[in-house]
Amino acid sequence: METGPESHAMTDRLDLKSSFNKAINGRADELERIARDILDHPESGFRETRTSKLVADWFTENGLDVQTGVAKTGVIGTYDTGRPGPHIAVMGELDSLIVPGHSHADPDTGAAHACGHHAQIGSMLTVAVGLLDETVKKGLVGKVSFMAAPAEEYIELEYRESLRENGEIEFFGGKQEFIRLGFFEGVDIAMLTHTGSETAGTFGIGGSNNGMIGKTVQYIGKAAHAGGSPHLGVNALNAAQIGLAAVHAQRETFRDADTVRVHPIITRGGSAVNSVPDDVRIETYVRASNVPAILSTSEKVDRALRAGALATGASVRIQTNPGYLPARYDERLIEVYRHNAASLIGDDNVIDLNHTTGCTDVGDVSQIVSTIQPTANATSGNGHGIDYMVDDYELAVIKAGKAMGLTVIDLLADNGEQGNRIAGSFNAPMTVGEYLSRMRGFRSDKTYEE
Ligand SMILES: [Zn+2]
């Protein structure tokens, strides 16, 4: 049997972990109930007033310091051991999608949790329950910010543009706003567990995500009688169709390695069928695995969209907004998490994720601090579809929270040694200042006259 300071510390840590798990087991029903309550009251980004209040009230009742109204609807609960050490952000997303037809959709707004974010709030609160245990708290240093962030889904662009014009937000993603407002200054490590639909019953870890920018496009033509005098009009819909065909003609130039995704939709196609359309709107993302590919594809898309205007004599306004940066997860932090996740569900049930072509503002966080975004594979149906359901709340809320919280214990126990080592070895691609200037550089608003 080994003795000495190292094995003593290890025993202490195992005691902390068992107290942590026990505290959660006593409140598992409550935590699952909160997630289901949020499922039944979905709210889309920057409109999460009920969800935000629920989280804020819970933080207050459980003795955390609370800040509300962060980035409009965000909430931060602070857990401070009172001893210096690493600062960890445990995050959850407040917002739903808009998927009318989902069985838990709001009948008025069509908002629905078709991406499982309600379970994230549950897993975030699970971490808090375990860490608030008195024995656990005594054994840790540093602090944890529980960040309930609004608006991860990059949707309702016109609404967000109006918030931007009012000065309520600058960026369209909640975590981006948290970064801008300075809440990641001094944060060393960040984590969030998303639900996933890989092999059921597993946790996924690692991988990476595409980044993206968003575009809103307006073709401006000239209305005229569609039957009697179309020669007097300029058809903005024809301009848009040529523009979209020209976008598709770029696809053979996309390199597989860049995992480019461009998927435009027409959000307005004309006003009345007997009038030549004079105002046609398009929204699109330009996604890729790396920023140079996003930028070069963005240029191609703009060039293609202009071709439609040129061909028909319309003009086109192209507004480009910063979207999300590609996500890169920290290998050293992954290994700490992997060990803890395996302690709950077994080695074979912790799987390695590949690159995914979806995007998240966790990507933005990952460019600034050491970050992981594991998945709890607890769902069925298509993500963002009407049939996406969390089936296994024990995995998505309780075990997901335990895996993160046990990782936090490893990082903050023993005087924060492991947390400091990981934070110290993380080579941040950019500082907060560099991040902000890079993001602002993506914004442009250009009108091309015929
Ligand atoms: Zn999501």
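Is Gly363 buried or exposed, and what is its relative accessible area? Gly363 is buried, with a relative accessible area of 0%, where buried means under 20%, exposed over 50% and partly exposed in between, using a 1.4 Å probe and protein chains only.

This is a predicted model, in which local features need pLDDT of at least 70 and side-chain atom pairs count only at pLDDT 80 or more, while totals for chains, interfaces and linings use all residues. Residues are numbered from 1 along each chain as its sequence is written, and side-chain values use heavy atoms, with hydrogens and water left out.

View 1. When neighbours within four places in sequence are left aside, Gly363 is in contact with Leu325, Pro326 and Ala327, contact meaning heavy atoms within 4.5 Å. Gly363 and His118 are separated by 245 residues in sequence and by 20 Å in space, C-alpha to C-alpha.

View 2. Distant parts of the chain are linked by His117, in helix α4 (residues 117–132), and His194, in strand β8 (residues 194–196), which are 77 residues apart. Both of these histidines, His117 and His194, are buried.

**View 3. Helix α10 against helix α13.** The axes of α10 (residues 331–345) and α13 (residues 417–425) come within 9 Å and cross at roughly 150°; axes are lines fitted to C-alpha atoms, for helices over the stretch in contact, and angles run from 0 to 180 degrees between N-to-C directions. The two helices α10 and α13 are therefore roughly antiparallel to each other, given that angles under 35 degrees count as roughly parallel, over 145 as roughly antiparallel, 65 to 115 as roughly perpendicular and the rest as oblique. On the α10 side Arg332, Leu333 and Val336 meet Gln418, Ile422 and Ser425 of α13.

**View 4. Helix α10 against helix α12.** The axes of α10 and α12 (residues 393–412) come within 9 Å and cross at roughly 130°, which makes α10 oblique to α12. Among the residues of α10 in this contact are Tyr337 and Leu344, and those of α12 include Lys399 and Met404.

**View 5. Helix α6 and what covers it.** In helix α6 (residues 157–165), the buried residues are Leu157, Tyr159, Arg160, Glu161 and Leu163. Their cover includes β10 (211–220), β13 (279–288) and β14 (315–322). Just after α6, Gly167 takes a positive phi of about 80°.

**View 6. Positive phi at Phe46 and Ala71.** Most residues other than glycine have a negative phi. Phe46, in the loop between α2 (28–39) and α3 (49–61), has a positive phi near 60° and is buried, with a relative accessible area of 1%. Ala71, in the loop between β1 (65–70) and β2 (74–80), has a positive phi near 55° and counts as buried at 5% relative accessibility.

Key:
Helices (H or I, at least four residues) and strands (E, at least two) are DSSP runs, numbered from the N terminus.
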